[in-house]
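Have the sequence and the 3D view open as you read.

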Amino acid sequence: MSQTIPALSHGILSYRVHETAPYINWIYFFHAWGFQPRFAAIADIHGCDSCRAMWLASFPEEERAKAAEAMQLFKEANRVLDQLDEKITIRCIFRLCRANADGDDLLIDETRFPLLRQQTPHPDGSPFLCLSDFIRPLSSGIPDVIGLFASSISSDTEKFYKDDPYKHLLVQTLSDRLAEAGTEKLHEYVRKEAWGYAPDESFSIPQLLKEEYQGIRPAVGYPSLPDQSVNFLLDALLDMKQIGITLTENGAMHPHASVCGLMMAHPASRYFAVGKIGEDQLEDYARRRGMPVEKMRKFLAANLPK
């Protein structure tokens with residue numbers, strides 16, 4: 001990890017749909033339409049008729065109708081992507097900041113950013129993780145670096161094709177995937193150039209989607225960063241309105257097809273789920289966030305025992 005902030009510490013990038021579409025993780029697109037991951041493999045098949053026929057024949061007979069539906073959905077999705085290429089861009093913003101860990105908090109350019117730590121014991125006795133574990137501690141006296149990011153769609157696609165419910169839903173699910181794909185492309189640029197901690201990285205897009213690169217990119221809402229209220233902290237540090245993102249009073253992002261979060265470079269960093277937490281950590285976290293416990297309870301409802 002670098003101990004100094006790289007020269008290019010922030011930036012705004014815009015991508016066209018055709019630049020971003022190769023980075024789409026189609027598994028999540030098909031999941032949104034009720035298809036299991038194996039049907040998303042149609043995205044990896046060459047477009048010729050013989051390849052599609054062979055792919056279809058690879059399914060058991062009872063699943064071929066579903067596979068044919070997936071094939072048609074993918075065809076229509078690509079047709080809509082071509083149409084969107086003339087209408088929208090994917091806008092991304094990033095910032096590289098000085099950071100240190102202070103217990104379960106991050107200090108990001110003097111902003112305290114509280115985090116949650118796993119509290120449920122693991123069967124194998126492995127340690128309880130917190131994202132702050134992957135940033136150099138304040139006690140070391142040496143500053144570390146963390147990346148912040150946000151990505152969104154330039155136009156309010158929620159207004160597209162309002163008279164065609166099917167195409168409208170297709171646009172919405174593709175917009176979500178394009179925002180994520182833009183983040184994937186942005187992260188690649190940051191690792192190789194802006195931050196530059198992996199200048200010689202050379203992964204194929206399938207390898208990128210399998211997260212074979214060094215570092216992680218937890219987004220708000222991910223299992224390791226479940227508190228939506230930290231969007232307010234990220235907004236204060238990033239000024240997300242520069243790419244058209246605004247926040248509701250509960251911290252939800254608008255446009256809906258938006259994503260924001262952290263970028264970490266530690267070689268040992270990995271994704272994990274915070275899981276269930278107890279009242280003790282809820283109270284401690286609320287204190288660190290400077291919010292009433294009952295308000296924080298609403299943000300962390302999914303992480304609290306029922």
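## Before we start

This is a predicted model: local features need pLDDT of at least 70, side-chain atom pairs count only at pLDDT 80 or more, and totals for chains, interfaces and linings use all residues. Residues are numbered from 1 along each chain as its sequence is written, and side-chain values use heavy atoms, leaving out hydrogens and water.

Helices (H or I, at least four residues) and strands (E, at least two) are DSSP runs, numbered from the N terminus.

## Helix α4

Start with helix α4, residues 64-84. The expected span of a helix is 1.5 Å times one less than its number of residues. For the 21 residues of α4 that gives 30 Å, and the end C-alpha atoms are 30 Å apart, which agrees.

Its buried residues (under 20% relative accessible area, with exposed over 50% and partly exposed in between, using a 1.4 Å probe and protein chains only) include Met 71, Phe 74 and Glu 76. Among the elements covering the buried residues of α4 are α1, α3 and α5.

Strands β3 (105-108) and β4 (111-114) run antiparallel and are joined by four bridges; two strands pair if DSSP finds at least two bridges between them. Asp 105 sits opposite Pro 114. Two residues lie between the strands, and Asp 109 in the turn has a positive phi of about 45 degrees.

## Salt bridges

Side chains of opposite charge can pair when their charged atoms come close. A salt bridge here is a side-chain nitrogen of Lys or Arg within 4 Å of a carboxyl oxygen of Asp or Glu, and the count comes to 17.

One of them joins Arg 16 and Asp 85 (3.6 Å, N to O). Arg 16 lies in strand β1 and Asp 85 in the loop between α4 and β2, so the pair ties together parts that are 69 residues apart in sequence.

## A buried arginine

Is Arg 191 buried or exposed? Arg 191 has 0% relative accessibility, so it counts as buried. Arg 191 belongs to helix α5 (165-194), and its side chain makes a polar contact of 2.7 Å with that of Glu 201. A polar contact is a pair of N or O atoms within 3.5 Å; within protein, one must be able to donate a hydrogen and the other to accept it, and residues adjacent in sequence count only if both atoms are side-chain atoms.

Methods: Contact = heavy atoms within 4.5 Å.
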